[in-house]
Amino acid sequence: MTKEADEITISYEEDGILLVKELDKEILSKGAWTTILFRYQKWDKTKGEFSKDMFTIRRYQKLKGEYIPKSKFNISSSEQAEKIIATLQKWMKAAS
């Protein structure tokens, strides 16, 4: 666990092999509850290469000075990401 939101990562290594490679992150909110959007790739053992870019939104709660993962939403495809973007843009425009 980490004490600072900026230190949170989804990079994951097992037996010296990087299985999840974090490419980028955007902290959407900070505080007792922190929300982070990650761009990452997963190692494909059968192909011997990393996957296409993937995206996930993760929520962390700060308890006793450390961030604990609480929930996540994996965006399953580029098409789903584009629909999320389009819908949010439509709603933001309507709210203006």
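Student: Which residue takes a positive phi in the hairpin of β1 and β2?

Tutor: Before we dig in, this is a predicted model: local features need pLDDT of at least 70, side-chain atom pairs count only at pLDDT 80 or more, and totals for chains, interfaces and linings use all residues. Residues are numbered from 1 along each chain as its sequence is written, and side-chain values use heavy atoms, with hydrogens and water left out. Now look between the two strands (DSSP runs of E, at least two residues, numbered from the N terminus, just as helices are runs of H or I of at least four). The hairpin has 2 residues between its strands, and the one with a positive phi near 50° is D15.

Student: Is D15 buried or exposed?

Tutor: Start with where it sits: D15 is in the loop between β1 and β2. The words have cut-offs: buried is under 20% relative accessible area, exposed is over 50%, and partly exposed is in between, using a 1.4 Å probe and protein chains only. D15 has a relative accessible area of 74%, so it counts as exposed.

Student: How many bridges join β2 to β3?

Tutor: Two strands pair if DSSP finds at least two bridges between them. β2 (residues 17–29) also pairs antiparallel with β1 (residues 12–14), through 3 bridges. On its other pairing, S29 stands opposite T35 in β3. β2 and β3 (residues 33–44) run antiparallel, and the bridge count is 8.

Student: In β5, what is the bridge partner of L37?

Tutor: β3 and β5 pair in the antiparallel sense over 8 bridges. β5 covers residues 54–63, so look in that stretch for the partner by the strand definition. Across from L37 you'll find I57.

Student: Which residue in β6 stands opposite Y60?

Tutor: β5 and β6 (residues 66–75) run antiparallel, joined by 9 bridges. Y60 faces a residue of β6, and that residue is P69.

Student: Which side chains make polar contacts with T56?

Tutor: A polar contact is a pair of N or O atoms within 3.5 Å; within protein, one must be able to donate a hydrogen and the other to accept it, and residues adjacent in sequence count only if both atoms are side-chain atoms. T56 is buried, with a relative accessible area of 0%. It also touches (heavy atoms within 4.5 Å) residues including I10, I36 and F38, not counting residues up to four places away in sequence. Its polar partners are R58, at 3.2 Å, and, at 2.7 Å, N74.

Student: What distance separates the C-alpha atoms of R58 and L28?

Tutor: R58 lies in strand β5. Not counting residues up to four places away in sequence, R58 touches residues including T34, T35 and I36. L28 is 30 residues away from R58 along the chain, and their C-alpha atoms are separated by 9.9 Å.

Student: Which residues form the aromatic pair?

Tutor: Rings of Phe, Tyr and Trp (its six-membered ring) pair if their centres lie within 6.5 Å; planes under 30 degrees apart are stacked, over 60 edge-to-face, and the rest tilted. The structure holds 1 such pair. It is edge-to-face, at 5.0 Å centre to centre and 70° between the planes, and its members are W43 and F50.
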